[in-house]
Amino acid sequence: MKNTNDIADMYNRYVNDLFTYASYLGFPKEATMDAIHDVFCKLAEDEQLLNRVTNIKSYLFKSLKNRLYDIYRVQKRNLSLPDIKNPDELPFNITVSIEDDFIDAEEQAAIKSQIENMLQSLTARQREIVYLRYIQEYEYTQIAEILNISIHGCRKLLSKAMKTLREKYGSWIILLLLL
Amino acid sequence: MSDFYSRYTDFLKDEKFLRWQLLPDEALNKYWDDFIRENPDLNEEIQRAIANLKTTVLNKNILSDSDRLELFNRIQSTIQGKGKGKKTKIRHIIRYSVAACAAVALLIVGLNYFNFEKKLPKADNRELIIGNLLQSEDIQFISGEKSHEYQNDIEVKIDEKGKAKVIQTKNNRQEQIEIADTAFNKLIVPYGKRSQLNLPDGTNVWLNSGSVLEFPTQFTGKNREIRLLSGEIYLEVAPEKNKSFIVQTSNFSVKVYGTKFNVSTYDNSPHYVVLVEGNVGLQAAVGTNEIKLSPKEQAIYSEKGEFTKRIVDVEQFVCWKNGYLSFNKTPITEVLKQIGRYYNLSFNFDQDVNLQKRTCSGKIYLSDDIDNVMTTVALLSSTRYVKQNNQIYIFNKK
């Protein structure tokens, strides 16, 4: 009884984010729902798990990614999907959408375009780390686990992303001087 | 890139702001800390942009409510299937889930949109609706001479042997209670509360706020009969070949042949029945003909003893049992009426106010927190609200 209420609690807290994460990884709704289903069922089976894991949310993210990749591997044989050799090579695209009644269509388009351009200048892994750090506010240890890299690797990834954005969108002064 | 900031949208278009949010470094942090210190009047817009970017623009929720519920059901079924005969109450978990989930989503929206002013809006009476939060009452389960009172929502299960078990939804506390072998058990569910009843034949009844239901401990007669004295119930009737199920209301009776339907008999609204699945026959107290109802049909009872039938979007009428309300261009007065019942709020519609003509479209989760619900109502009807003590003021958006 206690177990199922914990599951319900965790489901409610994290299902939206899990779904968003999966869609940013490029997975369609059906596959995502299957994967989320599998992840929670597995969670329910392992009663000790909740005691062992320090951060449930990042654990769920990692499990989801692995499960999605497994599903991808099976479906790849049935459909012709591009070849991705491991979960760390999955695509990552953040959807930008502005559903704000206070902003008119023209401004919405301007905001959307600005943000999309900036995100597109980054690599998939850089976008993913932005998502995990900025939106999900994970610690480095959790990000490292999800991305399957070291903590040092996380710092490097982030600073590379900062550098890309700074160079592409940064100070005008430098450009003027070069002219 | 202009340095003229006035609205939060200006920040959302600014690459320096975006870089600061997405990938902050020391230089950017210093720049913006200084900026905020030097422009305190822009702080509110900046905070709004910060919140907006993270929660709305980049983290849009793309899972629909029904998908979320359906997926949870699926997970629950699988877990149950593998469980070692553990009896899990699916329905109350779903209700709890939906409400808890809504709390988080709605709170985020609230942060972005509203200024919580300490002072009340000036009473321009044409544009103000006032609601009062009333004293909450207990649910009463009356059987024979005894009356049991409950502060929280409950689920009552009566088994074939005539024994009753009451489960409190909030904390899962269970108790066995003695009930009389009577035809007149009464469940009184006041405004602000809800209940569920599982009858010995397997029929499930969901009671909405403000309902009074009379039912027997055992179905001994030719038929299975219950009496809806007031309010609204949703039923999933267990099929039983030789015993049809009848719901009696003050104006008409509904004869059921194994099916799912909603009966609504509130005092200040027209009485009606909506059929989801199966088939039912309606018999007015004053008429002689039995009207048959098909799935997706609603029959509205009129004073003359007649029924008007029409096809409806069933979901809008039964979603309350799943913990949310659904509206499509519904007048705000009707929306507030339903919310009022659920949370025991009384809204004042005496004055003819323009604002009452506002319509509302969308879904409202019946969260435990009234603020969340009112935030959504305001959002869906382009109004604003302020809650002070036990009163809610709804007024036009500036």
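**One lysine, then the rest**

I looked up B:K260 and it counts as partly exposed because it has 19 C-beta neighbours inside 10 Å. The cut-offs, with C-beta atoms placed from the backbone: 20 or more other C-beta atoms within 10 Å is buried, 12 or fewer is exposed, and in between is partly exposed. This is a predicted model, where local features need pLDDT of at least 70, side-chain atom pairs count only at pLDDT 80 or more, and totals for chains, interfaces and linings use all residues. Residues are numbered from 1 along each chain as its sequence is written, with chains lettered from A and ligands numbered from 1 in the order in which they are written.

B:K260 sits in strand β14 (residues 260-265) of chain B; strands are DSSP runs of E, at least two residues, helices are H or I, at least four, and both are numbered from the N terminus. I checked what B:K260 touches beyond four places in sequence: B:L235, B:E236, B:V276, B:E277 and B:G278. Contact is C-beta atoms, placed from the backbone, within 7 Å. B:E277 is 17 residues away from B:K260 in sequence, yet the C-alpha atoms are 5.0 Å apart.

Zooming out, I find 9 helices and 24 strands in chain B, and 37% of its 398 residues count as buried. Helix α3 (residues 26-38) of chain B is hardly covered, with 0 buried among its 13 residues.

Last, I looked at the chain pair: 41 residues of chain A are in contact with 34 of chain B. On the chain A side, α1(A) gives the largest share, 12 residues.

Note on methods: Two residues are in contact if their C-beta atoms, placed from the backbone, lie within 7 Å.
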